[in-house]
Amino acid sequence: MPYIEGYIAAVPTANKDQYVKLAREAAVQFKKLGATRLVECWGDDVPKGAVTDFYKATQAKDDETPIFSWVVYPDKATRDAANKAMMDNPDMGKMEMPFDGKRMFWGGFELVVDE
C-alpha cells in the first residue's frame, strides 16, 4: 500500500525559483531512494482563517508563500529507509534551503482513500 510523506513550509516569495530548483534536485534524490512520485505545490489561493491556516501554521511572514508537498513511496518501510539514508548522507546537509527549515513541518500518512 502506498505511503505518503507530506510537507508544509513558508518560502520567501522572492525565492520561488530557488525553491523550485531545489525541489527538482530533491526529487531525483527521493526517487533514487525509492519514491515513486514527488509533488510540489506553490500557494496560489490560500485563504487566511480565523482560527488556523497555512500562514499561522508556518508562522509565514508577509513576504512568504506557503508550500504544500508530498512524496509517494511504495510502502512505509521504503519511506523509513529513505529517511534514514537521507539523514546518513552528508551531501543532504550541504543542500542550501531557500527558506527557514525550522518552520517546516512534515509527517507520514497511511493512504486510506485514493479515487
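## The sheet

Four strands make up an open sheet in the order 2-3-1-4, with antiparallel pairing. Strands here are DSSP runs of E, at least two residues long, and helices are runs of H or I with at least four; both are numbered from the N terminus. Two strands pair if DSSP finds at least two bridges between them.

Strand 2 (37–42) and strand 4 (105–110) are the edges. Each has a single partner strand, so one side of each lacks a neighbour in the sheet. On average, neighbouring strands are turned by 15 degrees against each other, direction ignored.

## Model and numbering

This is a predicted model: local features need pLDDT of at least 70, side-chain atom pairs count only at pLDDT 80 or more, and totals for chains, interfaces and linings use all residues. Residues are numbered from 1 along each chain as its sequence is written, and side-chain values use heavy atoms, leaving out hydrogens and water.

## Strand 3 and its partners

Strand 3 (residues 64–73) runs antiparallel to strand 1 (residues 3–12), joined by ten bridges. Proline 12 has glutamate 64 as its bridge partner. Tyrosine 3 is bridged to tyrosine 73.

Strand 2 also pairs with strand 3 in the antiparallel sense, over six bridges. There, valine 39 stands opposite tryptophan 70. Strand 3 is mostly covered: eight of its ten residues are buried (under 20% relative accessible area, 1.4 Å probe, protein chains only; exposed is over 50%, partly exposed in between).

Key: Axes are lines fitted to C-alpha atoms, for helices over the stretch in contact, and angles run from 0 to 180 degrees between N-to-C directions.
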